[in-house]
Amino acid sequence: MSSAELTSAPAEWKLPSQRKVGMICLITTESALFSIFVVAYLFYLGKNLNGPYPHEVLHFPWWGSAALFGSSATVMFAEKAMHLRKWGHFFFWWAFTMALGAYFIYFTAAEWVHLIYHEDLTVQTNVFGSTFYALVGLHASHVIIGLVLLGIVFIAGLRGKIHPDHFEHVEMVSWYWHFVDAIWVVVLLVVYIIGVQTWS
Amino acid sequence: MSAHGTTTTADQEPYEFPPLERPGEEKGSLTAVIQNLVFTVDHKKLGLMYIGSGLLFFVVAGIMATLIRWQLFFPQHTFLEPDVFNRFFTMHGTAMVFLVGMPILFGFANYLVPIMIGTRDMAFPRLNAFGFWVFLFSGLFLFFSYLGAPGLYDAGSAPDVGWFAYSPLTAKPFSRGHSTDYWTLSILLNGIGSISTAVNILVTIFCLRCKGMTLGKMPLFVWMFIVVAFLVIIAMPPLSAAQIMLTLDRYLDAKFFDTQAGGSAVLWQHFFWIFGHPEVYILIIPGFAIASEIIPVFSRKPIFGYPIMVAATVSIAFISLGVWAHHMFTVGMTSLGNTFFALSTMIIAVPTGIKIFNWIGTMYGGKIRLELPMLFCIAFLFQFLIAGLTGVMLAVVPFDWQLSDSYFVVAHFHYVLIGALLYTFFAGFYYWYPKAFGRMLDVKLGHWHFWLFTIGFHVTFFPQHISGFLGMPRRIFTYEADRGWEIWNQISTIGVIFQVAGVLFFVYNLIYSYFKGKEAGDDPWDAWTLEWATTSPPPEYNFDEIPEVRSRRPLWDKKHPEDPDWKFE
Amino acid sequence: MHCLMALVLAFLIVGANLAAAAEVSDAPALSESEKVQHRVADMFQPLSKPAEMIHDVSLVVLFVCAVIFVIVTGMLAYVVIKFRKPGDDDGQEPPQIYGSRNIELAWTVIPILITIVLAFVTTRTIGEIQNAEMPENALKIRVVGHQWWWEVHYYEEVDGQPVTYIVTANEIHVPVSSKDPDKRRPTHILLQSADVVHSFWVPQLAGKIDLVPNRTNDLWIDPYVTGTFFGNCAEYCGTQHANMLLRVIVQTPEEFEEWKQEQMAPNLPPQTAQEIRGHQLYFDYSCVNCHKIEGSPSKGIFGPDLNKVWTRQTLGAGVAPMDEKHLKIWVKDPQVLKVGCLMPDMQLLDNEVDDIVAYLKTLK
């Protein structure tokens, strides 16, 4: 027999926010997806039968990463401005975020053009090519989705549709954006730091 | 508003909202019916649509299995060409897992979870509809492969690579035409649908519970679906990732699984089973959920050890993420690797076994009503015990070196998926059909269903343990005479007749009872969870008033105000 | 009248003898050991050391599981019978019990203990089989899986390098080993694949291990008894997976030496006119692109090695017995016996088939 215990319905019934739980679930599932591509990347380090090899052709993406990480900061400024109803500042920081994100995509595209046309590294060259383009490409596609989401919020804002009820929606978009950044940290570590050792 | 209130009492008519009709959509017209089905976001309708579609695919995949068994009746039988046979077992397995098991379990969750937690619908109704239609499309897409896959060189038809599609058999040189792509893309879509629904379930349960229903006061059914949904969002992405890699290999000549270029065939297996093992728990835990609702009601006692049941299920989920390579004991891992996975697999047997004891403990000291839902649950306990024990045998690596990829494994997983899972689905149908349709399923027809099917099930699958012991491998379209396998194959095939007969009785019962079944009323079983507190069928908005609960069995409290649960929990 | 009958009788006798003689040359001669066919590959009749080790562990596990089954089924039957709702039920609910810490502890601890026992037994046997030391005199074989046949190489280590001395297909001959450690001669088998994943399974000799492309696995067998052991490919590998059959022929050391010498001996040149024609046809047509015959310009490695093909028990990796009738059907159109196999219909005329088969019969 369990111990006798008096329970009663709590006076205040507070449940977590649907949007937050939904976004956490989305982030969890996407993390599971990315982790498999990361595992494949790590697994195949050092297993190429032919070049080009990572340490020969990869250069640490300083500007792209700076832009992406910077965009996490700018999106936070934008959010803060939104809570303070400083709409001018909100639009400025939000647009800046989008610009930095777009620059990151441009930077990645430029890197790929260089790798494909000048270094002869394509998805079919070797296992490095396959795993590299798959992982970085998956991340880049998520950045693009993020840009679309940011764009929707921006346009909604321009049309004056962002009311206090929507602040959480905007916050969830920024959470998604931070998630995309966090994945980039992992990609940097795996591809551009661990993966460029000479044994790979 | 009543203190431990649930719905309004019988002396108040629920308010009838005027129907929202537009010209041409008069009630009963074809437009109205289509609008009703195609555009619905109601969790109850979607739940029934999931289950209905699942049952249709069940019949198709079942017919394939029947043909497979007929082909295997005689050694060197030429009833089915090898290619046709190979496609049948691939489609049978793929369909049963992704187009029967998954939708039926999501159907149960969709219908029951919102009502059990006392809310009006799922958190994201439109996402719910999206999940359903994506699933249905994925199923039709898979079967379309019979027509669409031949491609330019008339190579390929339906996929024939087995439901786990090992590399490099799925590489372009070994799988010509597009049959493998139909497998890959349809399952990829199916996964997206599953993940959407799983997210929906999680958000609904965490965010929409009625007042007083803390996580510790939810029905076990709901707890188990938290675990299932969590497993879906963690375990389905590895399969999707592997499928994306396979598609890149097949179309862009990538090297993920290209062994000539240094790729690894074993990597596919790892990725597949990192998904595949949790998947089988995703399939079976809803069965546990259903049993955990029915056994207490028909024993007239609360579930024995609710906290342990929750803890055991959660631990099964976590451990299940670490046992996957027990499907790969023959692939040549080191003794250390083999030992690790043997141990993790044996550990998972502990919480699973505990649950069986808890169910038996629930029945102990009760007043067991041997009605159809309970009959199916008792059979489930017996058959799940056998399945679990054969699973333990397979975990013993050296034994597995003989039994892996033999008919013993086929017997094991059919005992789990039919003997345990399908039986709990049947139990759930008999239990909740009255709630969904307002009428009881016929008892006599139900008994015919139960006994015929049970005889058939054991006659078909028990002998397969033996042919496994005698060296019969899986997925062979024929076999030599005098290997000692004919008699077991023949007995196995005879059992199919009884299973088919049982299913026919069941299908007839579903249809007959819809029109002629006994009226059920709100609470035909004298049960205790919130779904029995509203009408049968429930109104579209589920409850007249959102209930408030104080314990795990709100209706017990209502019916026994002198001895409420909340005094003891 | 009597003369006529005597003539008929003589005719019959001679005819019968001729027929018998034809019968004998219709299929390869088998050694004494291999005539004993262990067709029913029952894992509970192990006839080799690793299979025995597995068998011992299996019995322990089966026993434990049987005990658990009996106890739990007993519990289930007991509660169903004892606590059924009685016909004269008073409608009262039974005592509402929520759980019991002690009982739940007991039925957690006992399964854990059982798990520990099983884990111990499992770990020990894994090590015994996977990490077994092979003695110096172990026979060394390398098997490469193909869709849907087995390539078999016998090799020796010379200065650390493997040197192949026999190549054959679908049949593995090994010398019988012994439980006496002085007379022990196990066989070590490397496993590789040329295309997709296969699995080598001869239940009475050992557990199965997969043949994975781009990877080398291994297993060992240590048979105590002579005879022909039956096995299958145990990993689905495409259309004719069912007919990728395996025979391991365990012979006495003398018979094995004889077989070795026979396999390594040079081929005798064709004698009869038909054999010569057949030899010519074989080399004119594209057979040489896929098949290899030792000591000849036929060096194709896509299909099974045909050296000494007329000494094998089966053709098509077990899909038909090796005899004249089936060999003719195979050479004429392999798709008849094994639809989907990678040897095409060579569009040969019947007399060409007869000639080629006559030539193949000289490869012994």
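How many helices and strands does the secondary structure of chain C come to? Nine helices and 13 strands. Keep in mind throughout that this is a predicted model.

Confidence next. The predictor gives the complex an ipTM of 0.93. The pTM is 0.93 as well. For chain C, the mean pLDDT is 92, and 95% of residues reach 70 or more. For chain A, the mean pLDDT is 92, with 94% of residues at 70 or more. One stretch of chain A needs a caution. Across residues 1-9 the pLDDT falls below 50. That stretch still has 18 contacts in the model beyond near neighbours in sequence.

Now the overall form of chain C. Its radius of gyration is 29 Å. A compact globule of 364 residues would come out near 21 Å. Along the principal axes, the C-alpha atoms fill a box of roughly 100 × 70 × 40 Å. Of the 364 residues in chain C, 40% are buried. What about sequence separation? Take the contacts in chain C between residues at least 6 apart in sequence. Of those, 66% join residues at least 24 apart.

On to one sheet of chain C. Which strands make it up, and in what order? The order is β4-β3-β2-β6-β9, five strands in an open sheet. The pairing is mixed. β4, residues 161-169, and β9, residues 217-221, stand at the edges of the sheet. Each has a single partner strand, so one side of each is left without a neighbour in the sheet. On average, neighbouring strands here are turned by 30° against each other, direction ignored.

Look inside that sheet at β2 and β6 of chain C. β2 covers residues 139-146, and β6 covers residues 187-193. The two strands run parallel, joined by seven bridges. Here is one residue pair to find on screen: Val144(C) has Gln192(C) in β6(C) as its bridge partner.

Now a helix residue. Val70(C) sits in helix α2 of chain C. Is Val70(C) buried or exposed? Exposed: 10 other C-beta atoms lie within 10 Å, and a residue counts as exposed at 12 or fewer. Compare positions with Ala119(C). Val70(C) and Ala119(C) are 49 residues apart along the chain. Their C-alpha atoms are separated by 22 Å.

Then the interfaces. Start with chains A and B. Here 33 residues of chain A are in contact with 35 residues of chain B. On the chain A side, two elements give two or more residues: α1 (18-43) and α5 (127-158). α1(A) gives the most, with 13 residues. By class, that side of chain A divides into 19 nonpolar, twelve polar and two charged residues.

Now chains C and B. This contact takes 76 residues from chain C and 75 residues from chain B. Which elements of chain C each supply at least two residues to the side that touches chain B? Two are helices: α2 (49-82) and α3 (101-130). The strands are β7 (198-201), β8 (209-211) and β10 (227-233). α3(C) gives the most, with 16 residues. By class, this side of chain C has 42 nonpolar, 22 polar and twelve charged residues.

To finish, one link back. Helix α2 of chain C, which holds Val70(C), is among the elements supplying residues to the side that touches chain B.

Technical notes: Residues numbered from 1 in each chain as written. Chains lettered and ligands numbered in written order. Predicted model: local features only at pLDDT ≥ 70, side-chain atom pairs only at ≥ 80, totals over all residues. Helix = DSSP H or I, 4+ residues; strand = E, 2+ residues; numbered from the N terminus. Rg over C-alpha atoms; globule rule 2.2 N^0.38 Å. Buried ≥ 20, exposed ≤ 12 C-beta atoms within 10 Å, placed from the backbone. Contact = placed C-beta atoms within 7 Å. Nonpolar A, V, L, I, M, F, W, Y, C, P; charged D, E, K, R; others polar. pLDDT = per-residue confidence, 0-100. Pairing = 2+ DSSP bridges. Axes fitted to C-alpha atoms, helices over the stretch in contact; angles between N-to-C directions.
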